[in-house]
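Subject: Structure handover

Hello,

Please find the structure below. My notes on it follow.

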Protein chains: 2
Amino acid sequence: MSIVKPYLTTRSLVPENQESPISFLRTSAVDSSLFYKRNHFSYPHLSYSSYWIPISGLVETPLLLSMQDILQLPSKTIEVVLECAGNKRSFLRPKVFGEQWEKGAISQGFWKGVPLRTLLQLAGVKQGAKEVVIEGYDAGKRTDIDGVFSYTRSLPIEKALHPDSILAYEYNQKPIPYKHGYPLRLIVPQWYAMASVKWVRQIKVISTAFTGPFQTKDYVYYPHKENDEDAFPVTFMHVNSTIQAPADREILKTGKHTVKGIAWTGIGQVEKVEISLDGGKTWLPAELSPAGDHGYSWRFWTFDWYASEKGEYAILSKATDSNGHTQPNQPYWNRKGYGYHAVDRIVVKVE
Amino acid sequence: MSIVKPYLTTRSLVPENQESPISFLRTSAVDSSLFYKRNHFSYPHLSYSSYWIPISGLVETPLLLSMQDILQLPSKTIEVVLECAGNKRSFLRPKVFGEQWEKGAISQGFWKGVPLRTLLQLAGVKQGAKEVVIEGYDAGKRTDIDGVFSYTRSLPIEKALHPDSILAYEYNQKPIPYKHGYPLRLIVPQWYAMASVKWVRQIKVISTAFTGPFQTKDYVYYPHKENDEDAFPVTFMHVNSTIQAPADREILKTGKHTVKGIAWTGIGQVEKVEISLDGGKTWLPAELSPAGDHGYSWRFWTFDWYASEKGEYAILSKATDSNGHTQPNQPYWNRKGYGYHAVDRIVVKVE
C-alpha cells in the first residue's frame with residue numbers, strides 16, 4: 001500500500017526522451033522500465049514477419065540474415081553502461097540548446113548478442129574497408145536541413161571488429177524491449193550511446209568516411225558558439241561520476257551520512273573515486289564496489305561523512321580511471337553540449 | 001506498441017516527493033497517477049475499521065463522526081488547483097534549500113466532500129473561536145527540532161467557515177487515492193496546498209494562534225538569509241503562469257509554433273495572459289480557455305508565434321488576475337523558497 005517507486009523523467013514525448021531516476025538506482029542491472037530513452041524520431045513501425053538484416057558493401061559475400069540465423073551464432077553477454085552524449089547537458093554554462101538532460105541519461109544492464117565481428121567475418125571484409133555503417137529503422141525530419149533521414153551511424157572498422165561490439169537481442173535475459181531497439185540493437189561498449197543504434201535495419205562496410213547528419217552534424221564537439229572550427233567527433237565516454245545521495249540542496253541533521261554514487265569511464269576502468277568537502281583543495285577516498293567483468297559498467301561508491309557542525313557544505317566527487325584520466329574541475333563547453341564530465345557537485349545544509 | 005506517456009518526476013522517495021509532468025498535461029482533471037505528491041513523512045498506517053473523526057475544542061457539542069456520517073451529509077464537488085508552496089523553488093537565485101521543485105508541484109481535478117463549515121455548524125462553534133486546527137495521520141521527525149510531530153495545520157476561522165473549504169472523500173469521482181489522503185483530505189481552495197491536510201485525523205477549534213512547527217517554522221516567508229525578522233505566513237496562492245511548450249532550450253524550425261501554458265491565481269480569477277518576445281518591453285495577449293465554475297482552477301492558454309527569422313528567442317508569460325495582481329519580473333526571494341510566481345521564461349533556438 002505504501003510502496004514508493006521512482007519513474008522516468010520526461011524531457012519530451014515526441015520523440016520520447018526520458019531520463020532514468022539515477023539517484024534511486026542501486027542495482028547493477030537497471031530494470032528496463034527505468035532505462036533512459038533517447039530518441040531522435042517517433043518510434044518506427046517494423047514488419048517483424050519479414051525481418052532480414054542485409055550485410056553488404058565492401059564484403060566478399062553479401063549476407064541477408066534472419067533472426068533465426070543470428071540466434072544460431074555464438075553469443076556473448078556483457079554488462080554495459082550506455083550514456084547519452086548529452087547527459088548532464090543542462091549543467092553547462094553558458095547554457096546550450098537541446099534536451100536539457102540532468103544526470104539520468106545513463107543506464108546499464110546485461111546485453112546478449114552476436115559480436116558484429118562474427119557477422120563481418122562471415123561476410124568477409126574486403127581490403128580497403130574503413131568504416132561500418134549501421135542504419136536504424138527510425139527516421140524522420142530534422143530542424144536544420146530539409147529531407148527525411150534515418151538514424152544512421154558508422155564505426156571505424158577497428159571498433160566494429162572489436163569482439164565486444166555486439167548485435168544484441170536480449171537485455172537482462174529478455175528480448176530487448178521495443179522502445180530500446182527490438183529486435184536488434186547494436187551495443188558499442190566504451191562509446192557514448194549514439195553509437196548503439198536501435199532497430200538495426202542494415203549493416204554496410206564502406207571504404208570512405210560516412211557523412212550522414214548524425215555522424216557529421218550531430219555528435220560532434222563544436223568548441224565555438226559562432227562557427228564550426230576545431231570541431232571533432234564524439235566517440236569514447238569520459239571518466240565521470242554522479243552523486244546519487246544526498247540530493248542537491250537537501251537539508252540534513254547533524255550526524256553521520258553516507259554519500260553514495262556511481263562512477264564510470266570509456267577506455268579502461270574506474271580505479272578511484274574521491275570526495276572533497278573543501279571545494280576541491282583536499283580529496284578523501286570513497287569506497288568502491290567491485291568492478292564488473294569487462295570494465296564496461298559503472299561502479300557504485302560510498303563515503304561516510306560525519307557532519308558534526310551545522311552549516312552549508314559543498315560535496316564534490318571525482319573519479320579517476322586506469323589510464324590516469326580524471327574529471328576536470330570545469331566542464332568542457334561545446335555548442336551542442338556533449339561529453340559533460342566535470343567533477344560532480346552538490347550543496348547541502350546541515351541543521 | 002508505441003504509446004508514449006509521461007510519469008511523475010521523483011525528487012525524493014522517503015518521503016515520497018514527486019512532481020507532475022506539467023508540460024504534458026492538457027486536461028483539466030489531472031489523472032491521479034500524475035498528481036504531484038508532496039509528503040513530509042513516510043505514508044501513515046491507518047486503521048480504517050476504526051476510522052472516526054473527532055471534532056472538538058471550542059464547540060457546543062463535540063462530535064465523533066464515522067465515514068458513514070460524513071457520506072450522509074450534503075456534499076459539493078469543486079474543481080481546485082493544488083499548488084505546493086515550494087513550486088518552482090529551484091529557480092530562485094541565490095538557490096535555497098529544500099526539495100528542488102521545478103514547475104510541476106501543481107495539479108488539479110474535481111474534489112467532492114462535505115464543507116468543513118457544515119461539520120463545524122453541527123458541532124456549534126463557540127464565541128471566541130479563532131482558528132481551526134486540522135491534524136493528519138502522517139507524523140515523524142524533523143531535521144530542525146527534536147521530537148515526533150504530526151502534520152498539523154490551522155486555518156483562520158473565517159477560511160474554515162468558507163463554504164468551499166471541504167473535507168473531501170472523492171477525487172475525480174473515485175475515493176481519494178491512498179497516497180493523496182484517503183479516506184479524508186481537507187481541500188482549501190485559493191491557499192497553497194500545505195493547507196489541504198491529508199489523512200485527516202482530527203479537527204479542533206481553538207481560541208488562540210496555533211503554534212505547531214508546520215505552522216510557525218515551515219510555510220513562513222523569511223525574507224532574510226541570516227535571521228527570522230519580517231517573517232509572515234504563507235497563505236493564498238499568487239497569480240502565476242507556466243509555459244508548457246515549447247520546452248526550455250528546445251530547437252525549432254522556422255515557421256508557426258503554438259506556445260502553450262496554464263495560468264492560475266489565489267483570490268479572484270485569471271483574466272489575462274500575455275506573452276513577450278522582447279524581454280518584457282512589449283506584451284501580446286494569449287488566448288485563454290474558459291474559466292472554471294469557481295475560479296479555483298487553472299486556465300489553459302495558447303499563443304500563435306510566427307518565427308520567421310533564425311536566432312535565439314526568450315519567450316515570457318505573464319498572468320494578471322481579476323484583482324489586478326500580476327506576475328512580477330523578478331521573484332520574491334525568501335529563505336525557504338515559497339510562493340515563486342515571477343514571470344515565466346524559456347529560451348528557444350530557431351534554425
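In which strand of chain A is N240(A) found? N240(A) is in strand 15, residues 240–245; strands (E, at least two residues) and helices (H or I, at least four) are DSSP runs numbered from the N terminus.

On conventions: this is a predicted model, in which local features need pLDDT of at least 70 and side-chain atom pairs count only at pLDDT 80 or more, while totals for chains, interfaces and linings use all residues. Residues are numbered from 1 along each chain as its sequence is written, chains are lettered from A and ligands numbered from 1 in the order in which they are written, and side-chain values use heavy atoms, with hydrogens and water left out.

N240(A)

N240(A) is buried, with a relative accessible area of 0% (buried is under 20%, exposed over 50%, partly exposed in between; 1.4 Å probe, protein chains only). The residues that N240(A) touches include E83(A), W264(A), Y340(A) and H341(A), leaving aside residues up to four places away in sequence; contact means heavy atoms within 4.5 Å. The side chain of N240(A) makes a polar contact of 3.2 Å with that of K88(A) and another of 3.4 Å with that of Q327(A). A polar contact is a pair of N or O atoms within 3.5 Å; within protein, one must be able to donate a hydrogen and the other to accept it, and residues adjacent in sequence count only if both atoms are side-chain atoms.

Salt bridges within the chains

Over all chains the count is 26 salt bridges, each being a side-chain nitrogen of Lys or Arg within 4 Å of a carboxyl oxygen of Asp or Glu. One of them joins K336(A) and D218(A), with the closest N and O atoms 2.8 Å apart. K336(A) lies in the loop between strand 22 (311–321) and strand 23 (344–350) and D218(A) in the loop between helix 4 (213–216) and strand 13 (220–221), so the pair ties together parts of chain A that are 118 residues apart in sequence. K336(A) is partly exposed at 23% relative accessibility, whereas D218(A) is buried at 12%.

In chain B, K37(B) and E16(B) form a salt bridge of 3.6 Å, N to O. K37(B) is buried at 7% relative accessible area, and E16(B) is buried at 2%.

K318(B) lies in strand 22 of chain B, residues 311–321.

The interface

Between chain B and chain A, 45 residues of the former are in contact with 45 of the latter. The area buried between the two chains is about 3,800 Å², 60% of it from carbon and sulfur atoms; buried area is the accessible area (1.4 Å probe) that two parts lose on being put together, summed over both. F97(B), T143(B) and R249(B) supply 20% of the area that chain B buries against chain A, more than any other three residues.

Across this interface the rule finds four salt bridges and 16 residue pairs in polar contact, both residues at pLDDT 80 or more. K225(A) forms a salt bridge with E312(B), the closest N and O atoms being 2.6 Å apart.

Regards
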